[in-house]
Every structure is written in structure tokens, then in C-alpha cells.
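Please consult the sequence and structure shown below while reading.

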Amino acid sequence: MQQTSPKSAEAQAGDHVTLIDHATGRQFDLPVLEGTDGPKVIDIRRLYRDTGYFTYDPGFTSTASCDSRLTFIDGEVGILRHHGYSIEDLAANARFVEVCYLLLHGELPNKKELDEFDHHITYHTMLHEQLNYFYRGFRRDAHPMAIMVAVVGALSAFYHDSTDITDPYQRMVATHRLIAKMPTIAAMAYKYSVGQPFVYPRNDLDYAENFLRMTFAVPCEEYVVKPAVARAMNRILVLHADHEQNASTATVRIAGSSAANPFACVAAGIASLWGPAHGGANEAVLNMLMQIGSKDRISEFIKRAKDKNDPFRLMGFGHRVYKNYDPRAAVLRESCHEVLNDLGVADEPLLDLAMELERIAREDEYFVERKLFPNVDFYSGITLKAMGFPTSMFTVLFALARSVGWVAQWKEMIEDPDQRIGRPRQLYLGETARTYVPLSERG
Ligand code: CMC
């Protein structure tokens, strides 16, 4: 007898829906699957085979592309959990490496497990020395995200001993390498852009501290990591660690579904994250706030955001899944004040401006009707600016934090026995068959 995996036993507890084809009068029963939380899903895997129809869902607004145990979002209420732990709980209490372990292994680590995991991450932070020369090929004014895409992709040319995705040990080493090397790669991208020497990682510092030191230290003086900045960095990393099937994660999964190596898949994820509709929004928010400049100009920009003939959108507002306050934005809004306080920034006009913009937008019928709330990117940039990061590094920080989500989701997919290559279909709207016309006969 075939074993039923726990996955299908859980999922198939549901009912079915009936599809009626009015053109032919035929009826088809489609199974309904039920997860541990969230809406039920209609299983259409056999739809084409049984009915000859595809479904049409550009942008995947109604399509679950996979099953997953990592992250749960209830966008109507504004809930985000990783393996059951709320993001508020993790942001308040967990170190980023603990969240990495949780995403990779499904449980928080005990002391011994954490020490071991920390050791693996710490001892993979250095880059192959040859990789340093890659940076020199870039213009100094290259956007650091461009450097990230290239250098992370290039890891597959250096770490051949962890690209065999069929070997669980190599998969594990690749995940450790990616999590560990991202801060080094990101800090080097920054250092290159400001013309300062690269700073090597240090094993006596924790993940957030090490990244801050590699970014901000210079060889001519001792760099001491301020605890308030390290705490803020840790919280930002935790808040961005994973977010179920967003554009970049779906990109990583689809790239990985062809059995491509994880370094190449994560490079694809970084490329997808870069866009202003996704991770690039944190940079765009700060640029927008600087463009607005003062509170008396807010109404002008709100008007533009509502004008369908104007491409301007209120950056950091709206979300495909959250139709309520993004819980990450709520944490960041609070912690923004705390960080500014801790860093002795008495007055940050951009924060006042952002809060006023939020107040006005949330009272505006257009935003209320469409359930457009601040998302994670709305307040993160102000915190990062106070910590000393230039705007061009904001999306890099998002990529650094999200790397763990990408590799954990990739690992989950590769280890899923039902995994198949991702291959969407299409609704074809082009010409039907026609015959080649010689050039001399074309009008
Ligand atoms: N400003 C003005 N109008 C907006 C905005 C906005 N920021 N976001 C959505 N709308 C309107 C949109 O025009 C549409 O109006 P209508 O129904 O009249 O046509 C309605 O709200 C629904 O929007 P949509 O574009 O169909 O929603 P979507 O789920 O396809 O897009 C989004 C989601 C995040 C891309 C979009 O809200 C947006 O562009 N926001 C600004 C960029 C941003 O902040 N991105 C970060 C997202 S969160 C972090 C991450 O994913 O990295």
C-alpha cells in the first residue's frame, strides 16, 4: 500500500467544488485542500487533464503555487508568523540567527543547536579572496544591488563543492554559505562605492555586529559597535527574514525548480527584489519623502497618487496580501522612534513627514476604500538612514535579510517529493497559423 505523506493527509481533509461547463453540460468535481490555517484551496492539478481547460491568473492573485510550512500570513487581520511564532514576538526577542535556524529547521534551537549553527555561520563569512577582484570590474557609482546580483551569482563559480543539490550535506553547506557570506558581500559593495578598503569579518562578533563593522569600520581607527545600532540592525533583519510566496521568493523557487544551483537561484531572487514594487520600495520611499520635502506639499502628492493618469504611487503603501496594517510596519514605526532616541537624533523631519503622510492617507477615502496601509518599506528607510546607511543600500539590506527566507524556501522545495519544474501556461492571443510570405511579396 502506498504511504500517505503527512502533507497530503493534512491537506486532503477538505471537501470538493463542482465545476459546471455550461457549453457542454459536463460537471467536474475538484478536490478542496485545507491547510493548518488560512483559506482553503481548490486543487486544480488535474484540471487540464480532466477538462481540457487551463486557469487564467496573471499576477497569481488567486493561486497557491506550492505548499509550505515556513510562514503564515493573514492579510485581512495583519498577521505574520514563522512556524507559528508571531513576527512581533520574534522581533522583540530573537536574534537573527535564531530566526534563520527556525526557518531552516522548523523549531527554535536549544543552546547547543544555536552554538553549533552560529559556529557554522560565523566560519563561512569570509569570501574566496579571488572574489575581491570582481568588485574592481564595476564602476564606483554602480548601484550596490547590481553588484549583489553579480557577486552572489558568481558564488556558484567558486563553491563547486556545494552545488550538487541532490546531496543533503551540500545543500546544507550552500545554505550556510549564503546566509554567512551575504553580509560580507553587501558590506563590500558599500565599501567599493565609497572608495574605502574592504573590512574582513571577525569571528568574535555576532551576525548584525559583524555586518555593521564590515560596513562602517575603517583601518585607521578602532570601530566599536553601538549596542543600540546592533539591536536595530538585528530587528530589521528579523522583520525581513521571510514573507511566504512574494515575487522574489517565487522567483527563487521557480529558478530552483529546474534544479539550478542555489547561488544562481538566490541571484535571481535578488534581481526580482530590486524592483520598486517589491524590495526597491524602501529606497523609493526615502526618495519620495525627500521629494515631498515639507508637510504643506503632502496633499499635492496624495492627489498625484490618486490620479490614474499619473504614474506616481505612494511608495511604501499598499500590499497584495495585507488589507490591514502590515505588522512589520507597525513594529518598525514604533522602533523607529526608539532607534532615533537611542542614537540621540532629537529631530528627524522625515519621520514627522512620514507620520503626517500616513495620517492624511489613512483618512483619505481613496486609500480607505482600497485598504491601502503602510507596508514594511514605509518606515524602514528612516531607521536605516539614522543608522548611517545611504539610500542605495536599503534594498541591499532587504536582500541580506531575505536570503535566509530564499534558501529556506528553496530547501523546502528541493526536499519536497512532489516537487516538479515550475512551468506556467498561457492564454494565447497571437496570430493563428499562417504561411511565410517572401520578402519581395510583402507590402
Ligand atoms: N499608491 C496609490 N494607489 C495605489 C497604491 C499606492 N501605493 N497601491 C495600490 N494602489 C491602488 C491601485 O492603483 C489600484 O487602484 P484601482 O483599484 O483603482 O485600479 C488598487 O490600489 C489596487 O492596487 P493593485 O496595484 O491592483 O495592487 P497589487 O496587489 O497588484 O500591488 C503593490 C501591490 C505593493 C505592488 C502596490 O500596492 C504598490 O505599487 N505599492 C507601492 C510600492 C510598494 O510600496 N511596494 C512594497 C510592497 S511591500 C514589501 C515588498 O513586497 O517588498
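Lys371 is partly exposed, since its relative accessible area is 38%; buried means under 20%, exposed over 50%, and partly exposed in between, with a 1.4 Å probe and protein chains only. Lys371 sits in the loop that joins helix H17 (365-369) to helix H18 (376-386). Helices (H or I, at least four residues) and strands (E, at least two) are DSSP runs, numbered from the N terminus. The phi angle of Lys371 is near 55°, a positive value in a residue other than glycine.

The model is predicted: local features need pLDDT of at least 70 and side-chain atom pairs count only at pLDDT 80 or more, while totals for chains, interfaces and linings use all residues. Residues are numbered from 1 along each chain as its sequence is written, and side-chain values use heavy atoms, with hydrogens and water left out.

His83 is found in the loop between S5 and S6, and with 22% relative accessibility it counts as partly exposed. His82 has Tyr85 in S6 as its bridge partner.

**The other three-stranded sheet**

Three strands also form an open sheet in the order S1-S2-S3, again with antiparallel pairing. Its edge strands are strand S1 (16-21) and strand S3 (41-42), each of which pairs on one side only. Strand S2 (residues 26-33) and S3 are joined in the antiparallel sense by two bridges, and Val32 stands opposite Ile42 in S3.

**Trp274**

Trp274 lies in the loop between helix H12 (262-273) and helix H13 (281-292). Its relative accessibility of 32% makes Trp274 partly exposed. Leaving aside residues up to four places away in sequence, Trp274 touches His143, Met145, Ala146, Gly280 and Thr395; contact means heavy atoms within 4.5 Å. Trp274 and Ala146 are 128 residues apart along the chain, yet their C-alpha atoms are separated by 8.9 Å.

**The ligand**

The ligand is surrounded by 22 residues, the closest being His278, Arg313, Leu314, Gly316 and Arg320; a residue is near a molecule if one of its heavy atoms lies within 4 Å of it. This shell divides into eleven nonpolar, six polar and five charged residues. Here Ala, Val, Leu, Ile, Met, Phe, Trp, Tyr, Cys and Pro count as nonpolar, Asp, Glu, Lys and Arg as charged, and the others, Gly among them, as polar.

| Residue | Protein atom | Ligand atom | Distance |
|---|---|---|---|
| Gly279 | polar backbone atom | oxygen | 3.2 Å |
| Leu314 | backbone N or O | nitrogen | 2.7 Å |
| Arg320 | side-chain N or O | oxygen | 2.7 Å |

Taken alone the ligand exposes 940 Å², of which the protein buries 74%; accessible areas come from the Shrake-Rupley method with a 1.4 Å probe.

Definitions and conventions. Two strands pair if DSSP finds at least two bridges between them. A polar contact is a pair of N or O atoms within 3.5 Å; within protein, one must be able to donate a hydrogen and the other to accept it, and residues adjacent in sequence count only if both atoms are side-chain atoms.
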